[in-house]
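Me: I have a model open and want to learn how to read it. Can we go through some helix packing, a buried face and the confidence values?

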Amino acid sequence: MTKHNRRMKPTIPLILTASLMMSCAPRTQNAPANTQLPRLPGMQEARYVEVGGEQVYYEVGGQGSPLVLIHGIGGGNSSHQWMNNTAALLKNHRVYALDIPGFGRSPAQAKKYTAQLYINSLKDFLSKVSGEGSAVIASSLPAAYSIEIAVRQPKLISKLLLVSPTGLGTLTRPPNDGQYNNFVNTPLGPLLGATLRGRPGINFFLYNQVYLDGSKITPAITSIYEKNLEGPNKPFPVYSFLSNQLNLDVRPLWPQVTQPVRMVWGSNDTFTPLSTLEEYRKLKNIPVDILKARAIPNDEQSEQFNAIALEFLK
């Protein structure tokens, strides 16, 4: 185990950072109006679909080649990570932005979530909703999942724009079932859930892990994170994250990626630091843009990010 791996072991402070298919086509339904959470700018429709056995909320808009946006994993995270990107991206693309299982408006269940669960759901979404040959912009852990999909089923993904991906040096430790059981079967879990949902916990996460520029943390942003954490089962993906159930080591996969790839990284990302980027570049030297930001440079430096993305996706 490297010194860096020890430093990135999930802890409670870190989390403050933090039916089968019936036919070949996915079953979709329009999502009911939700006045508590705004739709992403420019997105024309909101729907639910069952993919990988999970109910998933997504929004879609624009015309052109398919582009799928996959947000990172953390307490209160959702597709609203892309709120400053969709309007620009849908001018040239059919844009799909989903809340991955258990996050945002996608319902959470009282069960263990795993990396494979998310990989299966994303594969199904790419295959049956956006369609083969979709470009993907993915952040953090889902960026690592996208690398696996790109290697295992290359027809699903045409291009990869990865935002601060994990998978090399960070979040690669094996699952700890004992720790997960502690969260589920002892008072530790409810205590963690209460801390996660509280405004002090949300603000700690936003100010210390998500944003470098504190002025971007508006009451509207805090409210979105609060709404995303409502529901009795929302802590279960968090329990799974903290007990390493969601980890994925992409070291053997990364050199096998054949699609065009580009990375964007936050200069001050404390969760997936620049040392992880160096691990990636040792195995495969690809273009990287480092923007002044923490975990979501696509939001903090949205104008720069949008220009980078549109140029790469041409």
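Reply: Start with a handedness. This is a predicted model, and in it helices H4 and H5 cross in a right-handed way.

Me: Which residues of H4 and H5 make the contact?

Reply: On the H4 side they are Ala115, Gln116, Tyr118, Ile119, Leu122, Lys123 and Leu126. H5 contributes Tyr145, Glu148 and Ile149.

Me: At what angle do the axes of H4 and H5 cross?

Reply: Roughly 60°. H4 spans residues 115-130, H5 spans residues 140-152, and their axes come within 10 Å.

Me: What is the angle between H8 and H9?

Reply: About 115°, with the axes 10 Å apart. H8 covers residues 199-210 and H9 covers residues 219-228. The H8 and H9 crossing is right-handed. From H8, Arg199, Ile202, Asn203, Phe205, Leu206 and Val210 take part. They meet Ile221, Thr222, Tyr225 and Glu226 of H9.

Me: How do I read a buried face on a helix?

Reply: Start from the helical repeat. An α-helix has 3.6 residues a turn, so residues three or four places apart point the same way. Now take H13, residues 302-312. Its buried residues are Ser302, Phe305, Asn306, Ile308, Ala309 and Phe312. Viewed down the H13 axis, they fall within an arc of 165°, so they line one face of the helix.

Me: What covers the buried residues of H13?

Reply: The cover includes helices H3 (86-89) and H12 (297-300). It also includes strands S6 (134-139), S7 (157-163), S8 (261-266) and S9 (288-291).

Me: Now a single residue. Is tyrosine 239 buried or exposed?

Reply: Compare its accessibility with the cut-off: buried means under 20%. Tyrosine 239 has 5% relative accessibility, so it counts as buried. It lies in helix H10, residues 235-242.

Me: Which residues does tyrosine 239 touch, beyond those up to four places away in sequence?

Reply: Tyr180, Phe183, Val184, Gly189, Pro190 and Leu192. Valine 184 is 55 residues from tyrosine 239 along the chain, yet their C-alpha atoms are separated by 7.7 Å.

Me: What is the mean pLDDT of the chain?

Reply: The mean is 90, and 89% of the residues reach 70 or more. Over residues 1-25, though, pLDDT is below 50. That stretch has 62 contacts in the model beyond near neighbours in sequence. Where pLDDT is low, the predicted coordinates should not be read in detail.

Definitions and conventions
Residues are numbered from 1 along each chain as its sequence is written. This is a predicted model: local features need pLDDT of at least 70, side-chain atom pairs count only at pLDDT 80 or more; totals for chains, interfaces and linings use all residues. Side-chain values use heavy atoms; hydrogens and water are left out. Buried means under 20% relative accessible area, exposed over 50%, partly exposed in between (1.4 Å probe, protein chains only). Helices (H or I, at least four residues) and strands (E, at least two) are DSSP runs, numbered from the N terminus. The arc is that of the directions from the helix axis to the C-beta atoms. Contact means heavy atoms within 4.5 Å. pLDDT is the predictor's confidence in each residue, from 0 to 100. Axes are lines fitted to C-alpha atoms, for helices over the stretch in contact, and angles run from 0 to 180 degrees between N-to-C directions. A crossing is left-handed if the near helix is turned anticlockwise from the far one by less than a right angle, and right-handed if clockwise.
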